[in-house]
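Please report on the charged and aromatic side-chain contacts in this protein. Keep it brief.

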Amino acid sequence: MQIQYNISNIGDEDQRIVERLDDLFNSNLSRFTEKITRLEVHLTDENSHKDGQNDKRCMLEARIAGVQPIAVTSQASSFDEATKIASGKLKNKLDTIFDKLKN
């Protein structure tokens with residue numbers, strides 16, 4: 001599974017976030033790694049330089065051979081929280097899709 005990051009308005013946190021997210025995605029989505037050709041991760045701090053509640057946005061788009069891309073979005077107070085929520089949503093969607101494809 002190839003992971004592509006699109007990060008905007010985050011600043012100096014970029015590299016630390018990418019390292020943590022690689023671990024998160026590889027553990028949470030490990031059983032889908034052979035089925036997902038690419039995972040696109042879009043991270044945005046919607047308030048940029050200001051603090052705010054639920055201003056960190058994570059959008060995940062999974063590309064799977066033979067299936068339309070699947071996208072989920074989450075907003076939270078931190079990137080860690082937003083990505084955990086989004087990866088949980090994606091995992092649930094992937095479970096549903098692959099269960100339907102089996103039948």
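Buried means under 20% relative accessible area, exposed over 50%, and partly exposed in between (1.4 Å probe, protein chains only). At 15% relative accessibility, Glu-61 is therefore buried. Glu-40 is buried too, at 8%. Arg-63 is partly exposed, at 28%.

This is a predicted model: local features need pLDDT of at least 70, side-chain atom pairs count only at pLDDT 80 or more, and totals for chains, interfaces and linings use all residues. Residues are numbered from 1 along each chain as its sequence is written, and side-chain values use heavy atoms, with hydrogens and water left out.

**Salt bridges**

A salt bridge puts a side-chain nitrogen of Lys or Arg within 4 Å of a carboxyl oxygen of Asp or Glu. The count is 7. The table includes some of them.

| Pair | N to O distance |
|---|---|
| Glu-40 and Arg-63 | 3.2 Å |
| Lys-56 and Asp-55 | 3.2 Å |
| Arg-63 and Glu-61 | 2.9 Å |

Shared partners join Arg-38, Glu-40, Glu-61 and Arg-63 into one network. Lys-56 and Asp-55 are both buried.

**Aromatic contact**

Rings of Phe, Tyr and Trp (its six-membered ring) pair if their centres lie within 6.5 Å; planes under 30 degrees apart count as stacked, over 60 as edge-to-face and the rest as tilted. The structure holds 1 aromatic pair. The ring centres of Phe-32 and Phe-98 are 5.6 Å apart and the planes are at 20°, so the pair is stacked. Phe-32 and Phe-98 are both buried.
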